[in-house]
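Okay, thanks for coming, everyone. I'd like to walk you through the side-chain contacts in this one, so let's get it up on the screen.

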Amino acid sequence: MTFRDTDYSPARGVSMWESCPQLAAMDPATAFVQFDDFFHYKAQSSDDNGWTATLTGGASAATIADAVGGVLAMTCDAADNDSVELQWNAECFKLATSKPLWFETRLKISDATESDIMVGLFITDSTVIDGGTDGVYFRKADGDANILFVTEKNSSETSTDTTIDIVAATYVKLGFFWDGSASVFAYVDGTLRATHTANICDDEELAVTLTVQNGEAVAKVLSVDYVKCVQVR
């Protein structure tokens, strides 16, 4: 069962969430959901409940910001290549046959050019920015503002420039939909920007991942409003 509110939803046919079983997801036998609105942040601990944080630079940190709606501030220390990389502590999703999946996050970066960003689903890896091998994600490289969509399997990737540039201090929604068959559809601010059928990582469990890295010796901040992933069980 899907749900679309004519007052609050986008026009029919333009929302990647339109086909998501939002109401059915309330039944755990139908679908499962990971959603974080960042009213709190908990790093990995002995109870295995939270985010695994890899911090490069002594002052790099992830904290809850004073911001309406709940915002996670991922703040790098001030040296070049200082970074904050967060992964959920377990790989809870897989691009499996007949198991459609929806992912979306809303975020903004303090510097649109001198920063690296990678967000999406990855295998567990403490150095995603420098050496991730398997996943489906959005990437913005140091030196430009281009938002790329990437599917990667065993270090072989297919990437598409969404033709959308990220803008400093301005929120953007990045999302993708796995159809459970052969294709992943990427959306920026609710508009379809890429369709991939190659290098689909269908043989690995994947974890929700958020990363940011300085592109110069100036501290950068990635602010994440929310992250949501839904998959048919």
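**Charges, rings and cores**

Let's start with a network of salt bridges that links D111, E216 and K220. By salt bridge I mean a side-chain nitrogen of Lys or Arg within 4 Å of a carboxyl oxygen of Asp or Glu. Before I go on: this is a predicted model, so local features need pLDDT of at least 70 and side-chain atom pairs count only at pLDDT 80 or more, while totals for chains, interfaces and linings use all residues. Residues are numbered from 1 along each chain as its sequence is written, and side-chain values use heavy atoms, with hydrogens and water left out.

Between E216 and K220, the closest N and O atoms are 2.6 Å apart. Are those two residues buried or exposed, or something in between? For accessibility, buried is under 20% relative accessible area, exposed is over 50%, and partly exposed is in between, with a 1.4 Å probe and protein chains only. K220 is buried, at 2%, and E216 is partly exposed, at 28%.

How many salt bridges are there in the whole structure? The search finds 5. One of them is E157 with R139, where the closest N and O atoms are 2.9 Å apart. That pair links distant parts of the chain, with E157 in strand β10 and R139 in strand β8, 18 residues apart. Strands here are DSSP runs of E, at least two residues, numbered from the N terminus. E157 itself is partly exposed, at 34%.

Then there's K153 with D202, also a salt bridge, 2.9 Å from N to O. K153 is in strand β9 and D202 is in the loop between β13 (191-196) and β14 (207-214), so this pair ties together parts 49 residues apart in sequence. K153 has a relative accessible area of 25% and D202 has 38%, so both count as partly exposed.

Strands pair if DSSP finds at least two bridges between them. V150, for instance, has S159 in β10 as its bridge partner. The hairpin has 2 residues between the strands, and N154 there takes a positive phi near 50°.

Now the rings. Rings of Phe, Tyr and Trp (its six-membered ring) pair if their centres lie within 6.5 Å; planes under 30 degrees apart are stacked, over 60 edge-to-face, and the rest tilted. That rule gives 10 aromatic pairs. F138 and F176 make a tilted one, 6.4 Å centre to centre with 35° between the planes. F138 sits in β8 (residues 135-140) and F176 in β11 (residues 172-178), 38 residues apart. Ring pairs also join those two with F103 and F149 in a cluster.

F138 is buried, at 1%, and F176 is buried too, at 0%. Which residues touch the most other members of the largest nonpolar core? Of its 43 residues, they are M74, L101, L121, F138, I166 and F176. A nonpolar core is a set of buried Ala, Val, Leu, Ile, Met, Phe, Trp, Tyr and Cys residues joined through side-chain atoms within 4.5 Å. There's a second, separate core of 8 residues, including M16, C20, F177 and V230. In general, nonpolar side chains in soluble globular proteins tend to be buried together.

That's my tour, thanks.

How values were computed
Helices (H or I, at least four residues) and strands (E, at least two) are DSSP runs, numbered from the N terminus.
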